[in-house]
Amino acid sequence: WAGMGAPPPRVPRVNGKGKGKGNKRGRQGSKLPPPPPKKEEPSVARRDKDMPLVILNEKRVKAAAKLKVSEVPYPFTSIEQYERSLAVPAGKEWNAISAARGFARPEILTRAGQVIAPIKQSEASKTKAKTGGGKRWEQ
């Protein structure tokens, strides 16, 4: 109560024409700005056009490019064989503990202080290296 002779409190208008809680733009009025123009759809067909719940990112990811291999690694003979080995999960969560230890075990075990013979190149691999073939080392 403000006392005798005080003016009555102002009631805010909420119909959007005056200042108050209902009008977020203040004195600008109720006219909205025009929507931005729509971009034209690219003429190239997208791979996810037939999948309504999927959005495929078709941009090149530079971080993923570092992880791709240019040729099949040594123990594998084909791309399918290499991809099949990558599809199988490796680790103690999915495999028996003894099998998971075998995945991480090195192929050659040496004891501390043991002399290791140097690697020598075979004659066949020397000729391949000269002709442009891949290098293969023997022990």
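Author: Start with a cut-off. Buried means under 20% relative accessible area, exposed means over 50%, and partly exposed lies in between. Keep in mind that this is a predicted model. Its mean pLDDT is 79, and 78% of the residues reach 70 or more.

Reader: Which helix has the lowest mean pLDDT, and which the highest?

Author: Helix 4 (residues 123-131) has the lowest, at 73. Helix 2 (residues 79-87) has the highest, at 91.

Reader: Now burial. Is Asp 48 buried or exposed?

Author: Asp 48 has 7% relative accessibility, so this residue counts as buried. Asp 48 sits in the segment before helix 1. Leaving out residues up to four places away in sequence, Asp 48 touches Val 54, Ile 55 and Leu 56.

Reader: How should I read its charge?

Author: Side chains of opposite charge can pair when their charged atoms come close. Here, Arg 46 forms a salt bridge with Asp 48, with the closest N and O atoms 2.9 Å apart. The rule asks for a distance within 4 Å. The count comes to 1 salt bridge.

Reader: What is the relative accessible area of Arg 46?

Author: The value is 37%, so Arg 46 is partly exposed.

Reader: Which residues form a nonpolar patch on the surface?

Author: Met 51, Leu 53 and Val 54 do, with about 310 Å² of accessible area together. Patch members need over 30% relative accessible area. Met 51 has 35%, so this residue is partly exposed. Met 51 is also found in the segment before helix 1 (62-65).

Notes:
Residues are numbered from 1 along each chain as its sequence is written. This is a predicted model: local features need pLDDT of at least 70, side-chain atom pairs count only at pLDDT 80 or more; totals for chains, interfaces and linings use all residues. Side-chain values use heavy atoms; hydrogens and water are left out. Patches are made of residues with over 30% relative accessible area and no salt bridge: like charges are joined within 9 Å, nonpolar side chains (Val, Leu, Ile, Met, Phe, Trp, Tyr) within 5 Å. Accessible areas come from the Shrake-Rupley method with a 1.4 Å probe; for residues, only the protein chains shown count as cover. A salt bridge is a side-chain nitrogen of Lys or Arg within 4 Å of a carboxyl oxygen of Asp or Glu. Helices (H or I, at least four residues) and strands (E, at least two) are DSSP runs, numbered from the N terminus. Buried means under 20% relative accessible area, exposed over 50%, partly exposed in between (1.4 Å probe, protein chains only). pLDDT is the predictor's confidence in each residue, from 0 to 100. Contact means heavy atoms within 4.5 Å.
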